[in-house]
Each structure stands twice: as C-alpha cells, then as structure tokens.
Amino acid sequence: SFRMIKYSNIKSVLKFSLPLSFGVLFLWMQTQSYGIIIEKYIGAEFLGYFGVGMALAFAISSAFETIVMQYLYPVMYKKMKDENKFKNTINDILNLIIPIYFLLAIFVSLFAIYMITLLVDMKYYDSYIYTIFGIWIAFFRMSSNMIANIAHAKLNTKKLIFPYAVAGILSAVGVVFATQVNFYQYLIPSVLLFASFIGFLYMFFEMNKLVNIKLNLGTFYSIVFY
C-alpha cells in the first residue's frame, strides 16, 4: 500500500483538495461569519432572533439537499467518465432540481410564520421574516452547490474558489457595514441574500466554461405548474 504513495499521487490529491479547502473557508464566511460580526457590533439579543430564523431555513434546506444527493448523485457519478453523457445528465439534473429548490423556497416563505411557531417557540414569532430571507439565501447556495459538481467531475476544483470567495467576502464585508446603520434588521439579511445571488451568478458563469449549461424554462414552468 505504501508503494501507492508517490509524489504524483500526492500532487493530484492536493490539486483537487486544496482548492476545496479554500472554497469551504469562503462558504463558511458566506453562511456563518455573520454570527461573529453581529454579536460584536450589535449584541447577542438580536443575534438570537436573527440566528433562529436563519437556522430554521438552513436546517430545512440542508435536509432537503441531503435527500436530493442520495437520489441523484449516484446517477451523476455513473456518467462522469463519459463527457457527452455527463453533459446531458448534469443538464437534466439542473433542470429538475433548481425548479424544485425554487418551489421549496416558495413553500417555506409562505409557511415561515407557522414553522417558527410550531418548530421553535412562540416567543420567536418575529423571526419568521429571517426564515424567509434565509430560505432564499439557501436557494442560491444549494443551486450553486449543484452546479459546482461540474468542477468536481472535471477535477478542476480551483474554478470553485472565485465564486465562493466573491460570496463569502461580500457577505462578511457587507454585514460589517450593515451593522453600522439604523435599519440593520433588514439590511443584514438583504446583504446576505445579495451576496448569495452574486455567488450563484459567478458559479454559473465559471461552470458554464467547463460544460455548456442549458437551463430549460419549459421544464421550469412545468415543474412549477405541477
């Protein structure tokens, strides 16, 4: 087994994993750094209300994303070695899953008020607005993660660094500035949503360079209709 440990093998592993580690760091900045910043500049009380709403949205989206991965990732992995089949498969998956993520965001937005009351506590009732913001932030994050599988399949994970960096830095810097204004209650989640959207756009453009992504609006409308 030690004979398999060669410089070329180590180099290949590092080439794949090091960009992922940077991507994870920036993803943490995008989804978690707001807690440290809010506690420092505003206080733990607001962070509690804000964090509860966001955490509920992120928990729902993460559970849903895990289910999607279990059903669809095996299909995608089987086609990775064949470039033409993978291109068609990843486009089919994106055209199926992104509209479903969109519907999940709509569903949570409509029922956020009841979810907070039932799943958390009545005293956090006012946090439902942050659950609505949170699920749309999660929508762009989940969609970005799905598209990011193209870089994994192509073993070109360095393409992921810039989109995650844009979203992470925008989130952290934006929240710092947002805490300095009087209407921070709405500006902070708006900044996080904007950063998530911009990160998704950059991810789309970067992955489109590796595989031609074709989002079919007809499929989108059909799924939304059903």
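Are E65 and R141 buried or exposed? Both residues are buried, where buried means under 20% relative accessible area, exposed means over 50%, and partly exposed is in between, using a 1.4 Å probe and protein chains only. Before we look at what they do there, a word about the model. It is a predicted one, in which local features need pLDDT of at least 70 and side-chain atom pairs count only at pLDDT 80 or more, while totals for chains, interfaces and linings use all residues. Residues are numbered from 1 along each chain as its sequence is written, and side-chain values use heavy atoms, with hydrogens and water left out.

Let's start with charges. Side chains of opposite charge can pair when their charged atoms come close. Such a pair is called a salt bridge when a side-chain nitrogen of Lys or Arg is within 4 Å of a carboxyl oxygen of Asp or Glu. Searching the whole structure turns up three salt bridges. One of them links E65 with R141, whose closest N and O atoms are 3.3 Å apart. E65 lies in helix α3 and R141 in helix α5, so this pair ties together parts that are 76 residues apart in sequence. (Helices here are DSSP runs of H or I with at least four residues, numbered from the N terminus.)

Now find E206. Its side chain meets that of K159 in a salt bridge of 3.7 Å, N to O. Because K159 sits in the loop between α5 and α6 and E206 in helix α7, the pair ties together parts that are 47 residues apart in sequence. E206 also forms a salt bridge with K209, with the closest N and O atoms 3.3 Å apart. How do these residues compare in exposure? K209 is exposed, because its relative accessible area is 58%. K159, at 24% relative accessibility, counts as partly exposed, and E206, at 14%, is buried. Through shared partners, salt bridges join K159, E206 and K209 into one network.

Lining residues have an atom within 4 Å of a point. Points are joined across faces, edges and corners, and a volume is the space filled by probe spheres set on the points.

How many cavities of 30 Å³ or more are there? The search of the whole structure finds one, and the largest cavity holds about 50 Å³ of space. Helices α1 (7-31), α5 (128-153), α6 (161-178) and α7 (184-208) each supply at least two lining residues, and the largest share, four residues, comes from α7. By class, the lining has six nonpolar, four polar and one charged residue. In this scheme Ala, Val, Leu, Ile, Met, Phe, Trp, Tyr, Cys and Pro count as nonpolar, Asp, Glu, Lys and Arg as charged, and the others, Gly among them, as polar.

Leaving aside residues up to four places away in sequence, Q30 touches R141, A167, G168, S171, L192 and S196, with contact meaning heavy atoms within 4.5 Å.

Finally, turn to the pockets. The largest pocket has a volume of about 290 Å³. Its lining has 14 residues, of which Y73, N145, N149, H152 and Y164 lie nearest its centre. Nine of the lining residues are nonpolar, four polar and one charged. The lining of the second largest pocket has nine nonpolar, three polar and no charged residues.

Terms used. 1 Å grid on protein atoms, 1.4 Å probe; cavity = no way out; pocket = protein on both sides within 12 Å on 5 of 7 lines; lining within 4 Å.
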